[in-house]
Amino acid sequence: MSSMAEADIYAALSEIFRDVFLRDDLQLRPELSAKDVQSWDSFKQIDIILAVEEKYGIKFNTRELDSLHNVGDLVRVIAGKTGTG
Amino acid sequence: MTSLYWLPELADWRERLRGLGKNGAPAWGEAVALANSRLDFIRTNALDQTVAAALGGTPPKELATKPIRLALLGSSTMAHLHAAIRVAGLRRGLWIEIYENDYGQYWQELTDQSSALYEFQPTTVLLALDAYHLSAGLGTGLGTTDADHLFGEANGRIRECWRLAREAFRCPVIHQTPLPVHPAVLGNNEHRLPGSRRAFIGRLNRELRSMADEDGVDMLAVDARAAADGLKAWHDPALWHRAKQEISPAAAPMYGELIARLLAAKQGRSSKCLVLDLDNTLWGGVIGDDGLAGLVLGQGSALGEAFVAFQDYARELSRRGVILAVCSKNDEANALEPFEQHPEMVLKRNDVASFVANWSDKASNIRAVAEELNIGLDSLVFVDDNPFERSLVRRELPMVAVPEVGDDPATFAQTIADAGYFEGVAVTEEDRVRTEQYQGNRQREQLKASVTDLGSYLRSLEMQLTWRRFDKLGLQRTVQLINKTNQFNLTTRRYSEEDVVAVMDDPSAFGLQLRLVDRFGDNGIIAIVIGKMQSDDDLLIDTWLMSCRVLGRQVEPTTLNLVADAAKRLGARRLLGEYLPTKKNGMVKDHYTKLGFAVLERGDDGRSLSALDLTTFVPASTFIEVKQA
């Protein structure tokens with residue numbers, strides 16, 4: 001995936017994470033996962049997914065959802081589904 | 001569509017959210033303002049979390065309403081809906097505390113008096129049983145007899161839940177209809193397959209309406225919303241499998257809206273009046289420039305038909321009790337001309353209770369409408385195609401609802417309906433004739449202006465006050481008045497149907513409903529009084545409320561005569577009158593002293609207790625003739 005496209009996705013995700021976790025200091029990196037962020041539970045996970053779906057007009061399928069373990073996974077799936085990968 | 005598209009976007013939303021409650025800024029008003037912007041589910045959750053942090057989880061002092069304790073009793077996961085319910089309450093100035101049963105345990109908790117549900121003591125119960133749960137045991141292999149048996153069982157269980165909740169908490173019960181989540185197995189004629197889960201839920205949702213009406217339960221009709229918005233907007237099978245969420249989190253803001261509307265309606269806080277702009281809102285074109293013949297209205301053009309359809313919707317609203325008003329920048333004569341002369345006008349001058357057309361700014365004119373109709377600014381909805389006027393009114397009068405209606409008349413009606421401003425739970429006879437009552441008021445005003453002294457005015461009104469004890473027939477109207485009257489209300493105690501029935505059954509209490517008729521028409525039930533014996537000698541006036549429409553007509557002293565009679569019949573020697581101050585009832589703070597009561601106690605917060613000696617009481621003579629119904 002091009003680094004430009006990846007940067008765009010990270011920027012969009014940062015906005016979403018800011019609103020979901022009400023934190024402006026959260027730095028997104030590929031390895032970041034639920035265990036690193038307080039209150040990132042299964043509900044917040046669903047909020048993030050739905051916000052991403054709305055933002056990009058895409059829909060994750062169940063297998064894709066099961067494959068998400070960290071921010072890097074999320075960026076990869078978004079890139080794949082939006083044709084920027 | 002589940003988005004709250006009628007609410008305005010706030011450009012500086014994030015900054016204002018971050019600033020909420022910081023540096024001693026007043027948090028509640030700002031929180032209400034933020035809630036009245038276009039929130040998606042992420043922003044809804046963010047606001048809820050911030051409000052909780054800013055207010056520390058306790059209702060603010062300035063809260064004008066009674067906090068609501070809402071128990072969600074469901075068969076699926078509802079935790080993701082709490083924030084949206086609270087925020088939708090916040091949007092209407094309601095404070096909602098939520099309890100949700102442990103997953104799947106609604107029945108156990110309802111039947112166990114030592115459960116956390118009983119400890120919570122809800123003031124409203126919402127029952128939400130999902131389609132998977134309700135259709136357990138169904139299958140296409142079943143014949144009619146078995147399917148009917150399961151149908152009867154499901155109905156019976158639902159009714160039993162309603163009964164248990166009612167008896168345990170003596171509070172209103174709301175039932176959420178199940179979403180029709182099952183895919184069809186037969187197709188167009190699904191109903192011919194007795195064991196079809198989909199057909200079963202459809203049938204149940206039809207039956208629920210009449211069961212709920214019989215049992216006095218209100219519907220939360222998410223099935224109807226899903227039919228309009230598309231099931232996909234409301235239910236995501238992937239999320240059902242993952243988290244057992246019947247309602248998708250994306251639909252949570254709308255779900256919260258539907259609940260908060262019902263709660264507000266039951267507190268009498270639905271909007272009461274639709275204030276309409278004229279040019280390019282009710283007709284196409286500008287009457288002052290284009291003249292009668294130049295207006296786009298009526299058959300022959302798509303735009304003209306759209307305006308007719310919108311007028312028709314406004315008239316439909318008025319026939320169920322919504323007051324219509326006009327607020328237009330126009331010369332009054334020009335503004336009136338279409339109402340009087342245009343053949344395609346659906347709305348006539350008589351449909352409009354308050355007609356304000358001049359060149360003052362719209363905020364001042366909307367204030368004038370509220371004053372003329374004697375209703376609060378927060379019960380007005382203002383519709384204007386012009387974004388400049390909308391934002392001006394929002395800025396000057398933030399308590400007035402101003403929907404983002406856009407500029408296409410074809411969408412006006414749906415937008416107002418989607419926004420749910422006028423949510424109602426019942427339509428009474430008073431609602432149906434409300435506009436006529438306001439017309440009567442105008443005629444009374446004209447008469448008042450034509451006679452010289454108050455006495456001859458009151459005499460010429462030929463008033464008759466008819467009183468009745470509380471009865472089943474008037475129950476709905478009694479409950480409606482008790483829950484919606486804010487200004488002329490001495491104690492603002494809110495009672496449910498159950499509470500009112502309890503007064504009817506109590507031999508040491510009375511409930512009076514008063515109707516006022518005069519030469520200009522029937523004003524309907526205009527006052528309610530509840531008295532309760534407190535000791536052998538004292539009768540406490542627990543509730544005294546009156547419609548502001550009949551102020552200054554000597555109804556108060558006439559009512560006191562009736563109260564004194566009823567109290568003496570119970571053996572009372574003294575009347576006790578209480579005043580409990582709220583944000584809105586300042587007008588009655590001296591009510592009892594004006595009627596000759598002596599103040600016994602006065603609290604720092606403004607409350608007072610006054611007494612009237614019945615052994616020496618002399619009934620006032622008034623221009624009102626009193627009759628028992």
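Biologist: In what order do the five strands of the open sheet in chain B run, and is the pairing parallel or mixed?

Modeller: The order is β2-β1-β3-β4-β5 in chain B, and the pairing is parallel; strands here are DSSP runs of E of at least two residues, helices are runs of H or I of at least four, both numbered from the N terminus, and two strands count as paired if DSSP finds at least two bridges between them. The edges are taken by β2 (96–100) and β5 (218–220) of chain B, each of which has a single partner strand, so one side of each is left without a neighbour in the sheet. Direction ignored, neighbouring strands of this sheet are turned by 25° against each other on average. Bear in mind that this is a predicted model, in which local features need pLDDT of at least 70 and side-chain atom pairs count only at pLDDT 80 or more, while totals for chains, interfaces and linings use all residues. Residues are numbered from 1 along each chain as its sequence is written, and chains are lettered from A and ligands numbered from 1 in the order in which they are written.

Biologist: How many bridges join β4 to β5 in chain B?

Modeller: Three bridges join β4(B), residues 173–176, to β5(B), and the two strands run parallel. One pair to look at is B:Gln176, whose bridge partner in β5(B) is B:Leu220.

Biologist: And which strands does helix α4 of chain B lie across?

Modeller: Helix α4(B), residues 82–91, lies across β1 (68–74) and β2 of chain B and runs at about 160° to β2(B); such angles are taken between N-to-C directions, from 0 to 180 degrees, with axes fitted to C-alpha atoms and, for helices, over the stretch in contact.

Biologist: At what angle do α3 and α4 of chain B pack?

Modeller: Helix α3(B), residues 41–55, packs on α4(B) at an angle of about 75° with the axes 9 Å apart. That makes α3(B) roughly perpendicular to α4(B), on a scale where angles under 35 degrees are roughly parallel, over 145 roughly antiparallel, 65 to 115 roughly perpendicular and the rest oblique. From α3(B), residues including B:Phe41, B:Leu47 and B:Val51 take part, and they meet a group in α4(B) that includes B:Ala83, B:Val87 and B:Leu90; a contact means C-beta atoms, placed from the backbone, within 7 Å.

Biologist: How do the axes of α4 and α13 of chain B cross, and within what distance?

Modeller: The axes of α4(B) and α13(B), the latter covering residues 252–266, come within 7 Å and cross at roughly 50°, and the two helices are therefore oblique to each other. By class, their contact has ten nonpolar, two polar and two charged residues, where Ala, Val, Leu, Ile, Met, Phe, Trp, Tyr, Cys and Pro count as nonpolar, Asp, Glu, Lys and Arg as charged, and the others, Gly among them, as polar.

Biologist: Changing topic, which strands form the open sheet of eight in chain B?

Modeller: The order there is β15-β16-β14-β13-β12-β11-β10-β17, with mixed pairing. Its edge strands are β15 (598–602) and β17 (625–628) of chain B, each pairing on one side only. Inside that order, β12(B), residues 521–533, and β13(B), residues 538–546, pair in the antiparallel sense over seven bridges, and B:Ile528 stands opposite B:Leu545 in β13(B). Helix α25(B), residues 555–569, packs on this sheet, touching strands that include β12, β13 and β17 of chain B, and its direction makes about 40° with that of β12(B).

Biologist: How many residues of chain A are in contact with chain B?

Modeller: Ten residues of chain A are in contact with 14 residues of chain B. The elements giving two or more residues to that side of chain A are α1 (3–21) and α2 (42–56) of chain A, and α2(A) gives the most, with six.

Biologist: What are the scores of the model, ipTM and pTM?

Modeller: The model scores ipTM 0.89 and pTM 0.81. In pLDDT, the predictor's confidence in each residue from 0 to 100, chain B averages 93 with 100% of the residues at 70 or above, while chain A has a mean of 90 with 95% of its residues reaching 70 or more.

Technical notes
Two residues are in contact if their C-beta atoms, placed from the backbone, lie within 7 Å.
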